[in-house]
Amino acid sequence: MTTRKCSRNLLLTAFLLLTTYNAEAAPDIGTDFYVTWADRLVESPDGGKTITLSLDYNSVIRIMKHRTGIASQQLVLRAADWTNLGSKVGCVQHLCVKFISLNCKIEFAGSAIGTTNKYMFGYFSADIKLVGGNSAGTLATFYLKSIGEYAVHDELDFEFLGNSSGQPYALQTNVFANDLGGREQRMNLWFDPTAGFHNYAILWNRHMIIFYVDSTPIRVFPNNNRLGVNYVQSNPMKLYSTIYNADDWVTQGGKVKIDWRWAPFRVTFKNYNLQGCASQMSGATQCSTSWWDEPRYWSLTTGQYDGIKYIQQRYVTYNYCTDLRRNPTPPPECANT
């Protein structure tokens, strides 16, 4: 009973705090976002306020001469054509076999958008409706990532792992800091994320990173530099939303592949909230005076930690902290998460 009360209090507190800051103008595509790949699969019927990304079964088959530098031929084919093509050049769905004279590569047509600005700390959220029906093998994402000109890889991930019809979607979060990742936590959601829109958010400041679902914290990653743990604090990041084929690992470890008869697969985003400090430079001291860096967001209360523990005990199916085969000695940050 006490744990449930803490969970309810956590939800109410988070809702009151976060909705205070949701009154800014909604971002839109063309101003705040750009298409990073497959613009033909990015739809926005209302001028950018709602954005649908698709993963289609049309693929580009690049047939390249093995022995010469002849330019690649490109053929746009539907999934139904793969069997016939496979008998000719050795392609079987997403697997290509190199022959003596040529090889081939299939590039699946997923889609993605990214923000035009880079941000140094902030609060980032969107309402998301995931792929309905049989989504096995598909991966939809909502994440922050440092960009190419920086030497280190920083990233904060929401990853939505598709599943067969009737099976629950899995939500995976991950943190990369200074090139070190491998901090996956995976959970089942307590609702059907394909039936309607739900809000997913990341709060990131100098002191901690919090992942929220419908204003409820589900995970916290504190700044544990004092323990020798890398933290995301040196490079600005862009926000990305994507959908693509990841059937080599997403569903049952890659055992269940995409069924292209269900294509196109669509994920819809709306009500983006980008309340970060736009930055063109790296450095942890650039942006630290906004609401997301107020003292009340420097740490969680005991009740908030209890609420997160309740959610994780009930819904989490994988936690790198408790994977002793992978981490015989748990990483130091796991003592408090």
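A disulfide (a pair of cysteine sulfur atoms within 2.5 Å) joins Cys 321 to Cys 334, with an S to S distance of 2.0 Å. The structure holds one disulfide. This is a predicted model, in which local features need pLDDT of at least 70, side-chain atom pairs count only at pLDDT 80 or more, and totals for chains, interfaces and linings use all residues. Residues are numbered from 1 along each chain as its sequence is written, and side-chain values use heavy atoms, with hydrogens and water left out.

**The disulfide**

- The link of Cys 321 and Cys 334 is left-handed, with -80° about the S-S bond.
- Both Cys 321 and Cys 334 lie in the segment after β19 (316–319), so the pair ties together parts that are 13 residues apart in sequence.
- Cys 321 is buried at 8% relative accessible area (buried means under 20%, exposed over 50%, partly exposed in between, with a 1.4 Å probe and protein chains only).
- Cys 334 also counts as buried, at 11% relative accessibility.

**Strand β12**

- Seven of the seven residues of β12 (residues 170–176) are buried, so this strand is largely enclosed by the rest of the structure; helices (H or I, at least four residues) and strands (E, at least two) are DSSP runs, numbered from the N terminus.
- One side of β12 carries Ala 170, Gln 172, Asn 174 and Phe 176, the other Leu 171, Thr 173 and Val 175, and all are buried.

**Pairing of β12**

- Strand β11 (residues 155–161) runs antiparallel to β12 and is joined to it by seven bridges; two strands pair if DSSP finds at least two bridges between them.
- Leu 156 has Val 175 in β12 as its bridge partner.
- Strand β13 (residues 185–188) pairs with β12 in the antiparallel sense over four bridges.
- Met 187 in β13 stands opposite Leu 171.
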